[in-house]
Amino acid sequence: MTKKQKRNLLYVLPLILLVATIVAFLLVGKFPFDKNNVIVNLNNESIIEIPLNQDKVAESEIVNENNNPAPEVNEEIVEEPMEEQEEKVTEAQDEERIAYLTFDDGPQPITEELLNILAEYNAKATFFMLEPQMVKHKEIVERMVEEGHTLALHGVSHDKKQFYASQFSVINEMRQSQQTVKDITNVETVIIRTPFGSSPHMTPSYKDAVKKEGFILWDWNVDSRDWQFRGPEYISHTLLQVEEVVNRGENPVILLHDLISTVDFITVLLDELVEMGFVFKNIDEDMEPIELK
Ligand SMILES: [Zn+2]
């Protein structure tokens, strides 16, 4: 190395050191890492600082278009779309149409087949049963409970004169049916429907009397007239009324019976109602009952 070269090196070395120091400062200045914060480039436009030691991130501010953020951040970002989905599912359930299928005068041997069909449709129904029929078909009554249907009372005699003779005859028949349900299933039901419906025999004083006894009186807003038609005609008759009821903003409560001719065509009715967006639920004690006027 010549003398001249040595002199040059003396000037150049501090210069290199100075440049290296400036570069180092620039680098540190551009990436100010903090132990508590990570910077994620989320959408190629904005850089957002996300505190890692915070459980909840203001999710509305984050748009996840970057698949490669810190894992903790990724979990938080995934949360929002899931919550949104859940909300949508809940909304769909709120909009769901509900039909209440009610079957009177059973149980009958055909009720077994009816229960098979209801199970296929994941349909719950309400059975307003006559006490002597329950005694005859205890195993069917038990099956109704196992399969989530509502047990309800329809009295003993199904005889207009006898049943409506007085407030006491009404209450006595319902009490007897109630006790039979309890003996068979250990279920205590207070949901009743009086034979041929509450109008005109259930006068205001009769109604008060059964309410005082703790019973909840139900009629219907769709009458299938299946017991008259005894054939598939009851389906169109029912569907017309269902449309009217829906237009009034009510849920259909459909009167049907445990009849062979009803069960023979019930899948046609259920298919039509499913097509209209209905699901089938059973009546419960918290519902506001439908009463004939
Ligand atoms: Zn009846």
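**A walk through the strands and helices**

Helices (H or I, at least four residues) and strands (E, at least two) are DSSP runs, numbered from the N terminus. Residue numbers start from 1 along each chain, following the sequence as written. Please keep in mind that this is a predicted model: local features need pLDDT of at least 70, side-chain atom pairs count only at pLDDT 80 or more, and totals for chains, interfaces and linings use all residues.

Now for the overall view. The protein holds 11 helices and 10 strands. Of its 293 residues, 29% are buried; a residue is buried if 20 or more other C-beta atoms lie within 10 Å of its own, exposed if 12 or fewer, and partly exposed in between, with C-beta atoms placed from the backbone. Two residues are in contact if their C-beta atoms, placed from the backbone, lie within 7 Å. Among contacts between residues at least 6 apart in sequence, 72% join residues at least 24 apart.

How far can you trust the picture? pLDDT is the predictor's confidence in each residue, from 0 to 100. Its mean for the protein is 81, and 68% of the residues reach 70 or more. Over residues 29-81, pLDDT stays under 50, and the model has 39 contacts beyond four places in sequence for them. Where pLDDT is low, the predicted coordinates should not be read in detail.

Let's return to strand 4 (residues 125-129). 5 of its 5 residues are buried, so strand 4 is largely enclosed by the rest of the structure. Ala 125, Phe 127 and Met 129 point one way from the strand, while Thr 126 and Phe 128 point the other way. Two strands pair if DSSP finds at least two bridges between them. Strand 3 (residues 97-104) runs parallel to strand 4, and 4 bridges join them. Strand 4 is also joined to strand 5 by 4 bridges, and these two run parallel. Here Met 129 has Leu 153 of strand 5 as its bridge partner. In strand 5 (residues 150-153), Thr 150 and Ala 152 point one way and Leu 151 and Leu 153 the other, and all are buried.

Next, look at two loop residues. Arg 193 lies in the loop between strand 6 (191-192) and helix 8 (204-212). Arg 193 counts as buried because 25 other C-beta atoms lie within 10 Å. Leaving out residues up to four places away in sequence, Arg 193 touches Asp 104, Phe 128, Ala 152, His 154, Trp 218 and Asp 219. Asp 258 sits in the loop between strand 9 (253-257) and helix 11. Asp 258 is buried too, because it has 26 C-beta neighbours inside 10 Å. Asp 258 and Phe 103 are 155 residues apart in sequence, yet 5.9 Å apart in space, C-alpha to C-alpha.

Finally, find helix 10 (residues 233-247) and helix 11 (residues 260-275), which pack at an angle of about 35° with their axes 9 Å apart. Axes are lines fitted to C-alpha atoms, for helices over the stretch in contact, and angles run from 0 to 180 degrees between N-to-C directions. The contact is made by Tyr 234, Ile 235, Thr 238 and Leu 239 of helix 10, and by Thr 262, Phe 265, Val 268, Leu 269 and Glu 272 of helix 11.
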